Amino acid sequence: MNNAPASALGFAPITPQRAFEEIANQIRELVASGKLKPGDRLPAERELSAKFNVSRNTLREALRALELSGMIELRKGATGGAFVLPGSSGVIVNGLRDLYHLGAITPQHLTEARTWISGIVVRVACERLTEEDLQRLEANVAAAAQAQKAGNFEERAELHRQFHIILAEATRNPIILIAVEGMSELMRQFIKAIGPSENAYTLPSRRRLLKHLRDRDADAAEQEMTKFLERLEIKYLDLWNSRTKN
């Protein structure tokens, strides 16, 4: 862990107007340039506020903004301080969830985008997934079948959500994974709103998809996933429209 002094990092005094934004931008640039790395602790508040020529309250406002954006973590105690984080999808997922609740993302947008992106995911997964990935997917489907048999809707829904996450992880692309995590969280919110429902085609479709993945048949895998999600989209939107009319 690096504990470089403020003077060595090149912080510069800032202008009073929107001071906290300027501070946050300087810290972001230091991370982008590699002068600050994940795990590094920023200099102490007193040292930073003097270097920026601002009050400690203004500095804390900047640090809180960076914490909310997922750039740093603020820890309390003798070994505490502001630490640079390695990065997380949480901020993006939370932002998408807020857009959904505000109505900027509609159920139609969500289900349509999920179909498109999932088609890409299965094609790439066919090329890149490992035997371990396949075993995780198979274990997920088996657990979902048990949850369905036990009538545990919440567990089954969570396992179905995790199936898409495992597939996205198999692409070995963090941007795709973040997109799928975001959509999965929105789908969780959407399904919660329309209420539990039964269908007899999810697990059979999963098993067919697993076969195509094992065969590395990208065309068949994409066709299976797209057909399944389009069928599910019709059902979910019908339930949503019925709910909103009542």
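What percentage of the 246 residues in the protein do buried residues make up? Buried residues make up 41%, where buried means under 20% relative accessible area with a 1.4 Å probe, counting protein chains only.

This is a predicted model, in which local features need pLDDT of at least 70 and side-chain atom pairs count only at pLDDT 80 or more, while totals for chains, interfaces and linings use all residues. Residues are numbered from 1 along each chain as its sequence is written, and side-chain values use heavy atoms, without hydrogens and water.

Begin with the whole chain in cartoon view. The protein has 11 helices and two strands; these are DSSP runs, helices being H or I of at least four residues and strands E of at least two, numbered from the N terminus. In sequence order the pattern is α-α-α-α-β-β-α-α-α-α-α-α-α. The C-alpha trace spans about 65 × 50 × 30 Å along its principal axes.

Next, select Leu 137, Leu 167, Phe 190, Leu 209, Leu 213, Met 225 and Tyr 236, which touch the most other members of the largest nonpolar core, a set of 42 residues. Such a core consists of buried Ala, Val, Leu, Ile, Met, Phe, Trp, Tyr and Cys residues joined through side-chain atoms within 4.5 Å. Now colour α11 (218-245), which gives this core its largest share, nine residues.

Then centre the view on Leu 213. Apart from neighbours within four places in sequence, Leu 213 is in contact (heavy atoms within 4.5 Å) with Val 122, Cys 126, Leu 129, Leu 134, Leu 137, Leu 167 and Ala 221.

Finally, select Ile 27, Leu 48, Ala 62 and Ile 72, which are among the 21 residues of a second, separate core.

Terms used
Buried means under 20% relative accessible area, exposed over 50%, partly exposed in between (1.4 Å probe, protein chains only).
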